[in-house]
Amino acid sequence: MIAGTRESQLAMAQTLQFKEVIEKAVPGLVCEIKGMTSFGDVDLQTHLKNMGGTGVFVRELDAALLAGKVDVTVNSLKDIPTVMDERLVVAAVLPRADVRDAMMPMPLEDVPADGVVGTSSVRREKMLNAARPGLGIKTIRGNMNTRMEKLENGEYTSILMAKAGLDRLGITEGVNAIDKELFIPAAGQGAIAVECRADDKETLELLKKIDDAKTRAEVKAERDVLRHMNAGCTSPIGVNAELNGDEMRMLAISYINDPPIRIDITFPLSEVDIKTKEIANTLLGKKE
């Protein structure tokens, strides 16, 4: 099996995790990792919201998958468009890591009033403005090491990113997680997704062995909300689902309207398809 992934340190760490899991689940299988450069990795100046559509980190990987150059691709689920090429499928999601955002090198409340926070997410920008009005916000791009260097060089007072990525790289010093009630995560945050071709029955069967049912149920609900809203991963929307037994709690916020619309609802899992549509309509400001 050949697994394609971005060449960033984090993407490689995530793919190594997949390699370990799939080789353990399928004795005798050898997974080779093939690194690639995505469009989103080449242009490090443009804000993600201005880079033309969705999937800027997965286009090249999808093309390699469709061309048969790799058997699977491994990505952060939040980078995968909610409406995918019909020839491709997310065949497995690994057990979800921490869904929260995190601030470095100090807690949010300790960032000085004249501080400058680095983030590449419109969602995080909106939440920063709500939680700490007046803080300077400056776009930050590049892999995790590049961002850390910019922080150390004093270009930013602090930086804001997904805690799961920091955890996967073993970065713990100065990491301050933010309660998801305050900063509602992006859809799919903390989840690693494995794509393959929809007609590759053999690979589909192998990936079923490592698919985590709880994570899949949660991220499907989150992505369905975005899909019903016709929104993408760069939209100013937070949505997080948490499955507990037969009940699902969904936290969501949309900054599409002013003032923003926030939802906190718990419902039976059996009603998830109906509720995701209702939540999407509410976030869009549509009246029933």
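Two residues are said to be in contact when heavy atoms of theirs lie within 4.5 Å of each other. With that in hand, let us walk through this structure, which is a predicted model.

Setting aside the neighbours within four places in sequence, Thr-5 touches Ala-11, Met-12, Thr-15, Ile-33, Lys-34, Gly-35, Met-36, Leu-61 and Val-74. Two polar partners deserve a look on your screen. The side chain of Thr-5 makes a polar contact with the side chain of Thr-15 at 2.9 Å, and the side chain of Thr-5 also reaches the backbone oxygen of Ala-11 at 3.4 Å.

Five strands form an open sheet in the order β2-β1-β3-β10-β4, and their pairing is mixed. The edges are β2 (32-36) and β4, each of which pairs on one side only. From one strand to the next, the twist averages 35 degrees. Further along the sheet, β3 and β10 pair in the antiparallel sense over four bridges. If you want a residue pair to find there, Asn-75 has Ala-193 in β10 as its bridge partner.

Next comes helix α7, which lies across β3, β4 and β10 and runs at about 160 degrees to β10. Which residues of α7 are buried? In this helix, residues 201-208, they are Thr-203, Leu-204, Leu-206 and Leu-207. Seen down the axis of α7, these buried residues fall within an arc of 165 degrees, so they line one face of the helix. What do the buried residues of α7 pack against? Their partners are α1, β3 (72-76), β4 (88-93) and β10 (192-197). Turn to the other side of α7 and you will find Lys-201, Glu-202 and Lys-208, which are exposed.

The loops hold a few backbone details to look up as well. The bond from Met-104 to Pro-105 is cis, with omega near 0 degrees, and Pro-105 lies in the loop between β5 (101-104) and β6 (116-119). Asp-258 and Pro-259 are likewise joined by a cis peptide bond, with omega about 5 degrees. Here Pro-259 belongs to the loop between β12 (247-254) and β13 (261-268).

Our last stop is Asn-230, in the loop that connects α8 (213-229) with β11 (237-244). Asn-230 is not a glycine, yet it has a positive phi of about 60 degrees. Is this residue buried or exposed? Exposed means a relative accessible area over 50%, and Asn-230 has 73% relative accessibility, so it counts as exposed.

Conventions
Residues are numbered from 1 along each chain as its sequence is written. This is a predicted model: local features need pLDDT of at least 70, side-chain atom pairs count only at pLDDT 80 or more; totals for chains, interfaces and linings use all residues. Side-chain values use heavy atoms; hydrogens and water are left out. Helices (H or I, at least four residues) and strands (E, at least two) are DSSP runs, numbered from the N terminus. Buried means under 20% relative accessible area, exposed over 50%, partly exposed in between (1.4 Å probe, protein chains only). The arc is that of the directions from the helix axis to the C-beta atoms. A polar contact is a pair of N or O atoms within 3.5 Å; within protein, one must be able to donate a hydrogen and the other to accept it, and residues adjacent in sequence count only if both atoms are side-chain atoms. Two strands pair if DSSP finds at least two bridges between them. Axes are lines fitted to C-alpha atoms, for helices over the stretch in contact, and angles run from 0 to 180 degrees between N-to-C directions.
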